[in-house]
Amino acid sequence: MGSKSKTDLKDKLDGNELDLSLSNLTKVPVKDIAALTKATTVDLSCNKITVLPDSFCSLTRIVKLDLSKNALVCLPENFGELSNLWHLDLLGNKLERLPFGFAELESLKWLDLKENPLIEPPPKLVGDCLDDKQCKLCAQRVLRYMRDLKKIHDRKTEELLAKQKAGEEAAEVRRLSQERKEKARLKKQKQQEKERRRLEYQAARAAKEQEEGSDGGSEAEQIDGDLGKEESVKANGTTHSFHKDRDGSYSWVFLLVLFSTVLLGLAVGSYLHCQEHGEIPVCQRVNNFVQPIENQIRIWLK
């Protein structure tokens, strides 16, 4: 028989005591026991139970638990959650070790661990548990031992975690150092690549300038020849212009002399004509104008 129904369990409940002993159980009906809220004393002795499920430790209202004469090979790690448990009978099982959570059974006052192949706690610490006094003493000794053992375990766990953390931190430091080295390598590689491209650019530019310089020599000579021609043309143009301007000035002088000669001739002709025809009114005015000048000239000539 693996388990009992809820109806069967109610038949086994007497007040606050649930008696499931000699029921041929291989598993603990945790849910059905949890439904019986009045059951604070549970007797599971003389069955075939090998393992208690973790959910069994949710039955925190249990104050007295009898698991003697079963085949338990271990207890749940969270066994210490049975905070109200003060009486525990584990006589005649196959327990070699108690879980570290056992140290958290603050209310435990009575304990029987006889007839178990114990390693921790050691059998001599457990005692014979022949009466209540010895079982109470067993509870005190085992709890003290398990608490000390738990402290050692916790300290070792902390040291292990610290070492693990230190190892992780060291690994992180190595990783960051490797990242920095890789970044530095990539940066240096980029700088080298940039320098290589710069040198290639300068070399290409120098080659192009040299090529353009060789081609530009003939062009410069041609430009210099053209400039010489232009300067010669300009010089010749200036000479022609000079001659042209000089010839123009001579023409104006010639015309002015010619005009002055004509005027002088006309004046002399008019004067000679008026000397002969003084009766003409116009000649009278001319003679009147010229006579003083003539007299002055004669005075100068004397």
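**Note on the predicted model: salt bridges, sheet, core and surface**

1. Arg185 has a relative accessible area of 43% and is therefore partly exposed. The model discussed here is a predicted one. The side chain of Arg185 forms a salt bridge with that of Glu182, with an N to O distance of 2.6 Å. Glu182 also counts as partly exposed, at 33% relative accessibility. Both residues belong to helix H4, where they are 3 residues apart, about one turn of the helix.

2. Glu193 is partly exposed at 32% relative accessibility, and Arg197 is partly exposed at 46%. The pair belongs to a network of salt bridges that links Glu193, Arg196, Arg197 and Glu200.

3. How many salt bridges does a search of the whole structure find? The count is 14. One of them joins Glu120 to Arg97, with the closest N and O atoms 3.2 Å apart. This pair links distant parts of the chain, 23 residues apart: Glu120 is in the loop between E6 and helix H3 (123-126), and Arg97 is in the loop between strand E5 (87-89) and E6. Glu120 has a relative accessible area of 24% and is partly exposed; Arg97, at 44% relative accessibility, is likewise partly exposed. Side chains of opposite charge can pair when their charged atoms come close.

4. As for the overall fold, the protein chain contains 5 helices and 6 strands, which follow the pattern α-β-β-α-β-β-β-β-α-α-α along the sequence. Among contacts between residues at least 6 apart in sequence, 37% join residues at least 24 apart.

5. The 6 strands form an open sheet with mixed pairing, in the order E1-E2-E3-E4-E5-E6. Its edge strands, strand E1 (13-14) and E6, each pair on one side only. E1 and strand E2 (residues 17-19) run antiparallel and are joined by 2 bridges; Glu17 in E2 is the bridge partner of Asp14.

6. Beyond its neighbours within four places in sequence, Thr41 is in contact with Asn16, Glu17, Leu18, Val63 and Lys64.

7. The largest nonpolar core comprises 45 residues, and Leu44, Phe56, Phe79 and Phe102 have the most contacts inside it. Helix H2 (30-35), strand E6 (110-112) and H4 each supply at least two residues of this core, with H4 giving the most, 7 residues. Apart from neighbours within four places in sequence, Phe56 is in contact with Val28, Val30, Leu44, Ile62, Leu65 and Leu82.

8. Of the 302 residues of the protein chain, 25% count as buried. The chain exposes about 21,100 Å², of which carbon and sulfur atoms supply 57%.

9. Which residues make the nonpolar surface patch of about 880 Å²? The patch is made by Trp252, Phe254, Leu255, Leu258, Phe259, Val262, Leu263 and Leu266. Trp252 is placed in helix H4 (residues 132-276). With a relative accessibility of 66%, Trp252 counts as exposed, because the cut-off for that class is over 50%.

Terms used
Residues numbered from 1 in each chain as written. Predicted model: local features only at pLDDT ≥ 70, side-chain atom pairs only at ≥ 80, totals over all residues. Heavy atoms only, no water. Contact = heavy atoms within 4.5 Å. Patch = residues over 30% accessible without salt bridge, like charges linked within 9 Å, V, L, I, M, F, W, Y side chains within 5 Å. Areas by Shrake-Rupley, 256 points an atom, 1.4 Å probe, with all protein chains shown as cover. Salt bridge = Lys/Arg side-chain N within 4 Å of Asp/Glu carboxyl O. Helix = DSSP H or I, 4+ residues; strand = E, 2+ residues; numbered from the N terminus. Buried < 20%, exposed > 50% of the residue type's maximum accessible area, 1.4 Å probe, protein only. Core = buried A, V, L, I, M, F, W, Y, C linked by side-chain atoms within 4.5 Å. Pairing = 2+ DSSP bridges.
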